[in-house]
Amino acid sequence: MNAPLLDVRDAEIVFTARRGGVTRHIQAVSGASISVARGQTVGLVGESGSGKSTLGAAAIGLQALDGGEVLFDGTPMPAEGSPAWRTLRRRVQVIFQDPFSALNPRQTIGQSLAEPLRLHSMGPRRSWPDRIAELLELVGLNPEMARQYPGTLSGGQRQRVCIARALAVEPDLIVCDEITSALDVSTQAQIVALIADIQKRMGVALLFISHDLGLVRAIADRTAVMYLGRIMEAGPAGEVFETPRHPYTRALLGAAPIPDPVLEARRERIPLRGEIPDPADPPSGCRFRTRCPHAREECAKRTPLPEPAGGAIVACHFWREITGTEDRS
Amino acid sequence: MTRLLPALRILAIIWVVITVVFVTLRLTPGDPAELLLGPTAGRQDVQERLADIRAQYGLDQPIPVQYAIFVGNVLQGDLGESNRSARPVISMIAAAAPVTIWLIVLSVGTAIPISIFLGMIAAARRGRTLDRGIRSLATLCMAVPSFWLGLLFLQWFASGLGWFPSRGYVAPLTDPGGFMMHMALPVITLAIFLVGTLTRFVYTETADTLQRDYITVSRAMGLASRTILFRFAAKNSLTPLIIVVGVEIGTLIGGAVIVEEVFGLPGLGRLLLGAVMSRDYPVVQGTILVITVAVILINIAAEMLYRYITPQARS
Ligand SMILES: Nc1ncnc2c1ncn2[C@@H]1O[C@H](COP(=O)(O)OP(=O)(O)OP(=O)(O)O)[C@@H](O)[C@H]1O
Ligand code: SF4
Ligand SMILES: [Mg+2]
């Protein structure tokens, strides 16, 4: 019984989009694997358009796969509508970026929170008001708020309600998709502190998607770095942030300020050049090669497979040489 | 004061409308007295009769005086008498109004369920062939001129196939079957136009709602897609439909005028058109006044109904 709670294996997701009469096959996720152990927080970082949200949706069965598989508790994703699917719907929850879009404007906060209780028959109906009050308190809101409509709440308050709604059914895994990016900076910190605290107290596992590296560093046990549909590097958060091995991770860290002054002083600055390529027509071989300062002929020919590198895994042909030379200089 | 303001605004709108109608009528060429007398009007010996007619209807007065009399009468609830038949305008309107009301109510009643059905299906199948088909159809419905469509229907189903009577009207209480037969083609003609507008509206609203994160969250929590479409998307998209129908009522009355003319229905539209042709000033003024008041009242009612059924709009 050592199977991880969530195990995504070689996921492939291709979107077919028609634009101006031209059909494009967008390779949103290409052979990406990611796993989350019980009670663990896994950060998923990468630039916009790298496929993080798509992978996150696939992880909880909201996005069909075109290849690979998703195992939850060692079991493949059940068919939509089956009894196993219903159970799974209680065990995984999702919180999104935009708290304004995440609550039905026509429902009171109490009604929004009662929805998961009703769907999963969580206790007798008359116990719900108390449960809702308890949930609101858990996320630091006044239980009186149950009677209000979302229109009267601030972004931070709404996001707290979304967290409460996700917690209502006591899930095993919550996918947090950029849950702080729509909030102002001080609110961001509060929400992260809240979710980290709840995570510890309740032991729920988190797949924490973000492009804020500082945030992920603060909250995640493990981190996966995604680029153009592929996982470039994954491993213990400390290791990935302190000894990044993949040129993309290094570039990302080079672009973002590091709160730790020692690391900030020591790090190299390799700016991330250019734009992320079109996912409908990704580069051959290594997908990062068009922007990689170390790219060579080999990189266009062969796709680098993830291989163990210390406690992490790295998908680069030349990570050994690169970490060797750059760290010496 | 704040409660009084909307009432004042409504009175101002009504005043502007009737004044514009009054002025436009006097600026339009064509003398009501001459039109009343017919082709003989140009001859010398009828000048006296013309003067009589003008005096009888107050048309010999200077225009500002006519205006003052008109407004004064309106304020007393008197819309005057027809220049042609001498019947009280109010009773002419009372006789014609039910026809128009039936036409509009039946058209709206037909168009709403069809639009909801088409709009929601298109939104649920967004980007697929069915969606594109429905939306093209809606655009077509809006683009086709009602009078042309009406004439086409008359040609095909009334004259050609003989399924429906071609023109005229029977009151529903006199002969319910005949009423339905006479109303069928006009109602379909007007409903088609309305289906175009309303389907597009339902589509936009539903597609927008379906994109909201709370829909995805509900799906993640285990709510079936069908339930989501009917429970959330329907509720959230359909309530603004009330407002749209309220706003469209003006356009709809415009459409009704055309449809009544094409199908020979003795409604307000025909009354108005006939009165404009014969420069029957009191009838034109009275009909427009009544229509304006009706449109305003319907808009207010729609607004109130919307507020009543959307609790979050009240706070
Ligand atoms: N439903 C869809 N249809 C077509 N293309 C899509 C769809 N959803 C996502 N994509 C495309 O797939 C790619 C990955 O998108 P995704 O939203 O997963 O990226 P992301 O890493 O979450 O980016 P962001 O940081 O902007 O949220 C993008 O190129 C996006 O345009
Ligand atoms: S495989 Fe080549 S292109 Fe890709 S990251 Fe490594 S060195 Fe750069
Ligand atoms: Mg995203």
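## An enclosed strand

Strand β9 covers residues 222-227 of chain A. Five of its six residues are buried, so β9 is largely enclosed by the rest of the structure. Buried here means under 20% relative accessible area. The model is a predicted one.

## The neighbours of β9

Which strands pair with β9(A)? One is β3, residues 41-45 of chain A. β3(A) and β9(A) run parallel, joined by four bridges. Within this pairing, G43(A) stands opposite T223(A) of β9(A).

Another is β10, residues 230-236 of chain A. Here six bridges join the strands, and the two run antiparallel. R230(A) in β10(A) is the bridge partner of Y227(A). β9(A) and β10(A) form a hairpin with two residues between the strands. In that hairpin, L228(A) takes a positive phi near 50°.

## The whole chain

Chain A holds twelve helices and twelve strands. Its radius of gyration is 21 Å, close to the 20 Å that the globule rule gives for 329 residues, so chain A is as compact as a globular protein of that length. The C-alpha trace spans about 65 × 50 × 45 Å along its principal axes.

Look at the contacts in chain A with a separation of 6 or more: 64% of them are between residues 24 or more positions apart.

How much of chain A is buried? Buried residues make up 53% of the 329. The accessible surface comes to about 14500 Å². Carbon and sulfur atoms account for 52% of that surface.

Chain A carries 38 positive and 37 negative charges.

Methods
Residues numbered from 1 in each chain as written. Chains lettered and ligands numbered in written order. Predicted model: local features only at pLDDT ≥ 70, side-chain atom pairs only at ≥ 80, totals over all residues. Heavy atoms only, no water. Rg over C-alpha atoms; globule rule 2.2 N^0.38 Å. Buried < 20%, exposed > 50% of the residue type's maximum accessible area, 1.4 Å probe, protein only. Contact = heavy atoms within 4.5 Å. Areas by Shrake-Rupley, 256 points an atom, 1.4 Å probe, with all protein chains shown as cover. Lys, Arg positive; Asp, Glu negative; His and termini not counted. Charge placed at Lys NZ, Arg CZ, Asp CG, Glu CD. Pairing = 2+ DSSP bridges.
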